[in-house]
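Look over the sequence and the structure first, then read the points below.

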Amino acid sequence: MALEIEQFMCRSDNFGILARNPENGEAFLVDAPEEGPILAAIERTGWTPATLLITHHHGDHVEANLALKEKFGLTIIGPEAEKAKIPGIDLTVRGGDMIKVAGLNVRVIDTPGHTLGHVSYHFQKEQVVFAADTLFALGCGRLLEGTPTQMVSSLTKLAALPPETQVYCGHEYTQSNARFALTVDPDNKQLKARAKEVDRLRKAGKPTLPTTIGQELATNPFLRWTDPAIRATLGMEGADDVAVFAEIRKRKDNF
Ligand code: ZN
Ligand code: FE
């Protein structure tokens with residue numbers, strides 16, 4: 001049975017996630033960017049969360065932890081490596097851990113790079129991954145704490161998930177990511193078509209997420225460091241994978 005997922009905007013461009021297992025009615029949140037929109041989502045759906053999964057310590061992902069914990073008695077789960085910076089944390093996880101959330105099997109994937117402890121949560125049977133600020137639609141998180149080598153390793157783990165896996169991300173950055181992606185992969189037909197679709201969705205005020213692993217593999221330059229056309233555009237035909245990724249990341253930082 002599929003997971004029921006309510007995705008909504010918080011702050012200026014963060015996504016809030018409230019999800020429910022329809023079989024047992026148990027609900028959970030992924031990250032806590034802002035109290036008001038999360039309370040509104042709970043009200044709208046009638047789903048009362050028991051668990052809050054935290055991906056990383058940034059303020060725009062943990063701001064409402066304590067307020068929500070007080071209201072709902074949430075169990076807050078987050079990465080061991082960042083526990084000191086995650087308000088109200090009850091249980092810590094590491095990459096490779098298998099946990100139960102709302103009665104479902106979740107594999108914790110260690111995805112450092114944006115922060116050193118960033119984790120992603122993979123609902124295996126439901127084929128959904130919550131990747132927050134590691135993998136974006138047509139982009140990836142800035143390397144605020146980690147190295148290009150770490151991020152390549154993290155993105156490689158996500159890229160290896162089944163292509164039909166639904167990917168939920170921390171931010172609505174897709175339109176500007178698409179503009180940048182076209183500068184390094186200008187002849188990619190799928191990318192061009194997707195950029196048009198993204199413009200259409202944004203014009204209609206609609207979210208561009210979730211995406212899928214398959215769609216990102218075909219169009220996201222931050223997963224395509226081996227692609228000959230991208231390497232040719234960068235003049236890096238013989239370079240190693242991490243160097244190509246680092247160059248794409250650097251160009252995006254200066255875009
Ligand atoms: Zn972040
Ligand atoms: Fe963020």
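The backbone nitrogen of R11 lies 2.5 Å from a polar atom of the E34 side chain. Such a polar contact is a pair of N or O atoms within 3.5 Å; within protein, one must be able to donate a hydrogen and the other to accept it, and residues adjacent in sequence count only if both atoms are side-chain atoms. This is a predicted model, in which local features need pLDDT of at least 70, side-chain atom pairs count only at pLDDT 80 or more, and totals for chains, interfaces and linings use all residues. Residues are numbered from 1 along each chain as its sequence is written, chains are lettered from A and ligands numbered from 1 in the order in which they are written, and side-chain values use heavy atoms, with hydrogens and water left out.

**Around E34**

- E34 sits in the loop between β3 (27-30) and α1 (35-45). Helices (H or I, at least four residues) and strands (E, at least two) are DSSP runs, numbered from the N terminus.
- E34 counts as partly exposed because its relative accessibility is 27%. Buried means under 20% relative accessible area, exposed over 50%, and partly exposed in between (1.4 Å probe, protein chains only).
- Neighbours within four places in sequence aside, E34 is in contact with C10, R11, E63 and A64. Contact means heavy atoms within 4.5 Å.
- E34 and L155 are 121 residues apart along the chain, and 27 Å separates their C-alpha atoms.

**The zinc ion (ligand 1)**

- Its protein donors are H56 (NE2), H58 (ND1), H114 (NE2) and D133 (OD), at 2.2 to 2.3 Å. Donors are N, O and S atoms within 2.8 Å of the metal (3.2 Å for Na, K and Ca); water is not among the atoms, so sites may look incomplete.
- The angles among the 4 donor atoms run from 85 to 176°, and the zinc site is irregular. Four donors count as tetrahedral if all angles lie between 85 and 135 degrees; four count as square planar and six as octahedral if opposite donors are over 155 degrees apart and all others between 65 and 115; anything else is irregular.
- Along the chain, the zinc donors follow the spacing H-x1-H-x55-H-x18-D. H56 lies in the loop between β4 (49-53) and α2 (59-62), and D133 in the loop between β10 (128-132) and β11, so this pair ties together parts 77 residues apart in sequence.
- H56 and D133 are both buried.

**The iron ion (ligand 2)**

- D60 (OD), H61 (NE2), D133 (OD) and H171 (NE2) are its protein donors, lying 2.1 to 2.4 Å away.
- The iron site is irregular too, with angles of 84 to 172° among its 4 donor atoms.
- What links the two metal ions? D133 bridges iron and zinc, which lie 3.0 Å apart. H61 lies in helix α2 and H171 in the loop between β13 (166-169) and α5, so that pair ties together parts 110 residues apart in sequence.
- H61 counts as buried because its relative accessibility is 2%. H171 is buried as well, at 4%.

**Helix α5 and its packing**

- The buried residues of α5 (residues 174-184) are T174, N177, A178, F180, A181 and V184.
- These buried residues pack against β11 (135-136), β12 (139-140), α6 (189-203), α8 (228-234) and α9 (241-253).

- Strand β7 (residues 98-101) has I99 and V101 on its covered face, and M98 and K100 on the uncovered one.
- β7 pairs with β8 (residues 104-110) in the antiparallel sense over 4 bridges. Two strands pair if DSSP finds at least two bridges between them.
- V101 has L104 as its bridge partner in β8.
- The hairpin has 2 residues between its strands, and A102 in the turn has a positive phi of about 55°.
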